[in-house]
Amino acid sequence: MIHQLQSFLAVGIQCHGFTDRMSGDMRSLEARSAVLDQLGIPAGSFVQAEQVHGASVAVVSSADGSTTVKGVDGLITTSRNLTLAIRVADCVPVLLYDASKSVVGALHAGWRGITGGIIERGLEAFRTLGFASGQLRVGLGPAIGQCCYEVGGEVAELLALRSPGCLTSRSGRDFADLRGAVRYILLEHGVPFSSISSVDVCTSCRQDDLYSWRREHEKAGRIMGFIALP
Ligand SMILES: [Zn+2]
């Protein structure tokens, strides 16, 4: 099953979503091709980010179809029918579009990306294309929840610096809310609260449905977040 956002479907962003465990590990070409076939997405109009836990975002066009863009963790396009994809296991997959449906984006936001500025860089890229944060609609996909994401040391410090309030303590241990941190940064930069929706499931709790790096380590597959303009 593909997890989708009702708010995106309601305005005609049909081609978007987050794959699940049943769909397989999205690093595998075979599993990915099966999903693309099922969704009717031609391989030639599908583009992925390499993902290096950085904060770079690339603006891509149909010429980038069937490639993997090196060194970036986010993709943005104004090209129609070009599907942007990122892969995650615990990190937050972030999908964006603007209210006039002229541009879409996909960002990979783990703690490194979040504290390194991937959300800000993504919003900046939208701005350079002429779209203000206030015009954006954002969907956050399945990610590790505060129930399971224990953090310590530098990770806890950096996250707390970037998003005060994203940590809670239980029995002397700190737990981070990655989706909450992304939401905080979006709000801080003028994305309206009502424009942010999410699939609120925890990748670590839902091992029947999703992959979790924290729970499965090297054995963890990846789900895929994807979006295309109609
Ligand atoms: Zn959990």
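Colleague: Which residues is V94 in contact with, once its neighbours within four places in sequence are left aside?

Modeller: In this predicted model, V94 is in contact with A106, L107, A109, V138, L140 and V182, leaving aside those neighbours within four places in sequence. Contact here is to be read as C-beta atoms, placed from the backbone, that lie within 7 Å of each other. V94 also belongs to the largest nonpolar core, which has 67 residues, and V94 is listed there with L84, A106, L178 and V182 as the residues with the most contacts inside that core.

Colleague: How many residues of the strand β7 are buried, and which way do they point?

Modeller: Strand β7, residues 92–98, is mostly covered, with 7 of its 7 residues buried. V92, V94, L96 and D98 point one way from the strand, whereas P93, L95 and Y97 point the other way, and burial applies to all of them.

Colleague: What is found in the hairpin of β7 and β8?

Modeller: There are 5 residues between the two strands of that hairpin, and K101 takes a positive phi near 55°. A positive phi also follows helix α4, where G130 has a value near 100°.

Colleague: Which residues of α4 are buried, and where do they lie around the axis?

Modeller: The general idea is that an α-helix has 3.6 residues a turn, so residues three or four places apart point the same way. In α4, residues 118–128, the buried residues are I118, I119, G122, L123, A125 and F126. Because these residues cover an arc of only 155° around the axis, they are on the same side of α4.

Colleague: What is the order of the strands in the open sheet that contains β10, and which are its edge strands?

Modeller: The open sheet is formed by 3 strands in the order β10-β12-β11, with antiparallel pairing. Its edge strands are β10, residues 150–151, and β11, residues 167–170, each of which pairs on one side only. Between β10 and β12, the latter comprising residues 173–176, there are 2 bridges in an antiparallel arrangement, and the bridge partner of V151 in β12 is D174.

Terms used
Residues numbered from 1 in each chain as written. Predicted model: local features only at pLDDT ≥ 70, side-chain atom pairs only at ≥ 80, totals over all residues. Buried ≥ 20, exposed ≤ 12 C-beta atoms within 10 Å, placed from the backbone. Helix = DSSP H or I, 4+ residues; strand = E, 2+ residues; numbered from the N terminus. Arc of directions from axis to C-beta. Pairing = 2+ DSSP bridges. Core = buried A, V, L, I, M, F, W, Y, C linked by C-beta atoms within 7 Å. Contact = placed C-beta atoms within 7 Å.
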